[in-house]
Amino acid sequence: MYTMMIVDDEPSSRQGLCECFPWHEHGIDIIAQAKDGLEAKEVLSTRKPDIILTDIRMPKMDGIELSTFIRKEHRGIKIVFISGYDDLNYFKAAMKLDATDYIIKPINFAELSEVLRKVIHELDAEKQYNQTLTNVNKKMDLSIPLLKDKLFLDLLLRNDCPENSEIGRA
């Protein structure tokens, strides 16, 4: 199960998203809501969701500023922007921040489902990559002492061999 925070200045949008979309069918648990980027930033000091669904235009701190903060402080979080504005400048700013997607309001639940499948696929792939990396590191950690012992033994055996020593050549 992955976790999500919804950030939107419109209470009806937050409530509608929380109550009307089948999050659990997508393996997502809504762990927090925020009315703007500043409130979301406070939540991030104690909780780290896997996904943030954020509006772009909000008072105090907008979605772009929030995402800039997230990219600096919480790299692994996936960001999906929602906006009532079909504005190329917002879209470009979102993509520069490595957003996973950009959905125009009113939100089409079929489109949201597709975006979530994409996000979950990315999260699963990252989880698999990190697990593989952890396994490789564990194997290397176990192998290093054995390689050191083998190298030390090889050096000892070479030095004990008369044809390799200075005395044996004289």
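These legends describe close-up views of one predicted model. Local features need pLDDT of at least 70 and side-chain atom pairs count only at pLDDT 80 or more, while totals for chains, interfaces and linings use all residues. Residues are numbered from 1 along each chain as its sequence is written, and side-chain values use heavy atoms, with hydrogens and water left out.

**View 1. The largest nonpolar core has 24 residues.** A nonpolar core is a set of buried Ala, Val, Leu, Ile, Met, Phe, Trp, Tyr and Cys residues joined through side-chain atoms within 4.5 Å. Buried means under 20% relative accessible area, exposed over 50%, and partly exposed in between (1.4 Å probe, protein chains only). The residues with the most contacts inside this core are M5, V7, L44, I52, L66, I70 and F81. Strand 1, strand 2 (28–34), helix 2, helix 3, strand 4 and helix 4 each supply at least two of its residues. Helices (H or I, at least four residues) and strands (E, at least two) are DSSP runs, numbered from the N terminus. Helix 3 gives the largest share, 4 residues. Another core, of 18 residues, lies apart from it; M4, L53, L112 and V119 are among its members. In soluble globular proteins, nonpolar side chains tend to be buried together.

**View 2. Helix 3 spans residues 63–73.** Its buried residues are G63, I64, L66, S67, F69, I70 and R71. They pack against strand 1 (2–7), helix 2 (37–44), strand 3 (51–55), strand 4 (78–83) and helix 4 (88–96). Look at L66: leaving aside neighbours within four places in sequence, L66 is in contact (heavy atoms within 4.5 Å) with V7, G37, A40, K41, L44, T54 and M61. D62 caps the N-terminal end of helix 3. A side-chain oxygen of D62 lies 3.1 Å from the backbone nitrogen of I64.

**View 3. K105 and D8 form a salt bridge.** A salt bridge is a side-chain nitrogen of Lys or Arg within 4 Å of a carboxyl oxygen of Asp or Glu. By this rule the count comes to 9. In this pair, the closest N and O atoms are 2.8 Å apart. K105 lies in the loop between strand 5 (101–104) and helix 5, and D8 in the loop between strand 1 and helix 1 (11–20), so the pair ties together parts that are 97 residues apart in sequence. D8 is buried, because its relative accessibility is 0%.

View 4. The side chains of E122 and K78 meet at 3.4 Å, N to O. E122 is partly exposed at 25%, whereas K78 is buried at 12%. R117 and E114 also meet in a salt bridge, at 3.4 Å, N to O. R117 is partly exposed at 46%, and E114 is partly exposed at 47%.

**View 5. S113 lies in helix 5 (residues 109–160).** S113 counts as buried because its relative accessibility is 12%. Leaving aside its neighbours within four places in sequence, S113 is in contact with F21 and H26.

Terms used. Polar contact = N/O pair within 3.5 Å; in protein donor to acceptor, adjacent residues only side chain to side chain.
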